[in-house]
Protein chains: 2
Amino acid sequence: MSQSNENVQQIQHHRDAIDEIDKQLVALLNQRQTHAMAIRSLKPAANMGLFDARREEEIIERAQQYNEGPLYSDNVREIFTAILKVSKEVPE
Amino acid sequence: MSQSNENVQQIQHHRDAIDEIDKQLVALLNQRQTHAMAIRSLKPAANMGLFDARREEEIIERAQQYNEGPLYSDNVREIFTAILKVSKEVPE
């Protein structure tokens, strides 16, 4: 097999792995959203405001602490900023 | 225990669950990045261009197919657009 064909096969292997990871990511993101919506519905009776910028910053910083790379800390911030933005947009 | 205190406790339970999910998300995102970087390094010898807009669209559409909610399809697109953007930014 040529080097080129071998590389194409290896790329396919990594793409299959990414596909499996993406499936897990979507499942986790939905679990996360379910908890976020439960929190949202509990907040008024707990006398808590719906939006808490400090809590968002805590979430991002904690995610950055979990990060062992190869993603950079700023990459983790960017992805979690998108996750948190989207989370607030989903209606109950 | 007052209703307010009970809600605060329930919120904490959901926040703990989100924290655990975020830990798993960071781990999966880094696994994903490792595969993406391996693909990047394999592409030149496979005579493949580094950027493939069609492949990116396929990834997003597949993630949307995995989605069972409560996230909306557009939410999944937004999050994965951020993941793919960041993925390209990480140097080798």
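Figure 1. Although B:Asn47 is not a glycine, its phi is positive, at about 60°. In chain A, A:Asn47 also has a positive phi of about 60° without being a glycine. A:Asn47 belongs to the loop between helix 1 and helix 2 of chain A and counts as exposed at 66% relative accessibility. Residues are numbered from 1 along each chain as its sequence is written, and chains are lettered from A, with ligands numbered from 1, in the order in which they are written. Because the model is predicted, local features need pLDDT of at least 70 and side-chain atom pairs count only at pLDDT 80 or more, while totals for chains, interfaces and linings use all residues; side-chain values use heavy atoms, with hydrogens and water left out.

Figure 2. A:Gly69 and A:Pro70 are joined by a cis peptide bond with omega of about 15°, and A:Pro70 is found in the loop between helix 2 and helix 3 of chain A. In chain B, a cis peptide bond with omega of about 10° joins B:Gly69 and B:Pro70; B:Pro70 lies in the loop between helix 2 and helix 3 of chain B. B:Asn30, a residue of helix 1 of chain B, is buried with a relative accessible area of 6%. Leaving out residues up to four places away in sequence, B:Asn30 touches A:Asn67, A:Glu68, A:Gly69, A:Pro70 and A:Leu71, contact being defined as heavy atoms within 4.5 Å.

**Figure 3. The largest nonpolar core.** A nonpolar core is a set of buried Ala, Val, Leu, Ile, Met, Phe, Trp, Tyr and Cys residues joined through side-chain atoms within 4.5 Å. The largest core has 34 residues, of which A:Leu25, A:Phe80, B:Leu25 and B:Phe80 touch the most other members. Two or more residues of this core come from each of helix 1 (3-42), helix 2 (53-66) and helix 3 (73-89) of chain A, and from each of helix 1 (3-42), helix 2 (53-66) and helix 3 (73-89) of chain B. Apart from neighbours within four places in sequence, A:Phe80 is in contact with A:Ile59, A:Ile60 and A:Ala63, as well as with B:Asp22, B:Leu25, B:Val26 and B:Leu29.

**Figure 4. The interface between chain A and chain B.** The two chains bury about 5600 Å² between them, 70% of it on carbon and sulfur atoms; buried area is the accessible area (1.4 Å probe) that two parts lose on being put together, summed over both. On the chain A side, A:Arg15, A:Leu42 and A:Tyr66 lose the most area to chain B, together 11% of what that side buries. Chain A gives 57 residues to the contact and chain B gives 57 residues. Six salt bridges are counted between chain A and chain B, a salt bridge being a side-chain nitrogen of Lys or Arg within 4 Å of a carboxyl oxygen of Asp or Glu. In one of these, A:Asp19 pairs with B:Arg62, with the closest N and O atoms 3.6 Å apart. Helix 1 of chain A supplies the largest share of the side that touches chain B, 29 residues.

**Figure 5. Salt bridges between and within the chains.** Over all chains, a search of the whole structure finds 14 salt bridges. A:Arg32 and B:Asp22 form a salt bridge through their side chains (2.7 Å, N to O); this pair joins two chains, because A:Arg32 lies in helix 1 of chain A and B:Asp22 in helix 1 of chain B. A:Arg32 counts as buried at 3% relative accessibility, and B:Asp22 is buried with a relative accessible area of 3%. Within helix 3 of chain A, A:Lys85 and A:Glu89 lie four residues apart, about one turn of the helix, and form a salt bridge with the closest N and O atoms 2.8 Å apart. A:Lys85 is partly exposed at 38% relative accessibility, as is A:Glu89 with a relative accessible area of 42%. A network of salt bridges links A:Glu78, B:Lys85 and B:Glu89.

How values were computed
Buried < 20%, exposed > 50% of the residue type's maximum accessible area, 1.4 Å probe, protein only.
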